[in-house]
Amino acid sequence: MARRASTEQVVRWFDNEHQAADLQAVSGPYKELANTLLAQLPDSPELTAGLRKLLESKDCAVRAAVANREEN
C-alpha cells in the first residue's frame with residue numbers, strides 16, 4: 001500500500017541495519033512496533049505523529065545505549 005510522503009519520511013528513520021549489533025538490539029523493538037502500526041492502521045496525521053514520537057523515543061534509547069557503551 002502506498003503511504004503518504006510524510007509517513008514515508010518518518011518510517012525510513014527506523015532502518016537500523018547500519019547500526020552495530022548492540023544498538024540494533026535497542027532499536028529493533030521500535031522498528032518492529034513501527035511496522036506493526038503500519039500494518040494495522042491507515043494513513044492519517046495521527047499515525048504520522050505517533051510514528052514521529054516513537055522515533056523520538058527510539059533515538060533517546062539509542063543515545064542512552066551509546067552513552068552506556070562509552071562509560072563502560
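Colleague: Which residues make up the largest nonpolar core here?

Modeller: The largest nonpolar core has 10 residues: Val10, Val11, Phe14, Tyr30, Ala34, Leu38, Leu47, Leu51, Leu54 and Leu55. A nonpolar core is a set of buried Ala, Val, Leu, Ile, Met, Phe, Trp, Tyr and Cys residues joined through side-chain atoms within 4.5 Å. Buried means under 20% relative accessible area, exposed means over 50%, and partly exposed lies in between, with a 1.4 Å probe and protein chains only.

Colleague: Which elements give two or more residues to this core?

Modeller: Helix H1 (5-11), helix H2 (21-40) and helix H3 (45-71) do. Of these, H3 provides the largest share, with four residues. Helices (H or I, at least four residues) and strands (E, at least two) are DSSP runs, numbered from the N terminus.

Colleague: Before going on, what should I know about the model and the numbering?

Modeller: The model is predicted, so local features need pLDDT of at least 70 and side-chain atom pairs count only at pLDDT 80 or more, while totals for chains, interfaces and linings use all residues. Residues are numbered from 1 along each chain as its sequence is written, and side-chain values use heavy atoms, with hydrogens and water left out.

Colleague: How many helices and strands does the chain have?

Modeller: The protein chain has three helices and zero strands, in the order α-α-α from the N terminus. Its C-alpha atoms fill a box of roughly 45 × 20 × 20 Å along the principal axes. Of its 72 residues, 31% count as buried.

Colleague: At what angle do H2 and H3 pack?

Modeller: The angle between H2 and H3 is about 170°, and their axes are 9 Å apart. H2 is therefore roughly antiparallel to H3. Axes are lines fitted to C-alpha atoms, for helices over the stretch in contact, and angles run from 0 to 180 degrees between N-to-C directions. Angles under 35 degrees count as roughly parallel, over 145 as roughly antiparallel, 65 to 115 as roughly perpendicular and the rest as oblique.

Colleague: How many nonpolar, polar and charged residues are in that contact?

Modeller: The contact of H2 with H3 has 14 nonpolar, two polar and three charged residues. Ala, Val, Leu, Ile, Met, Phe, Trp, Tyr, Cys and Pro count as nonpolar, Asp, Glu, Lys and Arg as charged, and the others, Gly among them, as polar. The residues that meet include Tyr30 and Leu37 in H2, and Ala61 and Arg69 in H3.

Colleague: Which residues of H3 are buried?

Modeller: Leu47, Thr48, Leu51, Leu54, Leu55, Lys58, Val62 and Ala65 are buried in H3. The buried residues of H3 pack against H1 and H2.

Colleague: What span should H3 have?

Modeller: The 27 residues of H3 should span 39 Å at 1.5 Å a residue, and its end C-alpha atoms are 39 Å apart, which agrees. The expected span is 1.5 Å times one less than the number of residues.

Colleague: And glycine 50, in that helix: what is its relative accessible area?

Modeller: Glycine 50 is found in helix H3 and is partly exposed, with a relative accessible area of 34%.

Colleague: Where is glutamine 19 found?

Modeller: Glutamine 19 is in the loop between H1 and H2, and it is buried because its relative accessible area is 13%. Apart from neighbours within four places in sequence, glutamine 19 is in contact with Gln24, Ser27 and Val62.

Definitions and conventions:
Contact = heavy atoms within 4.5 Å.
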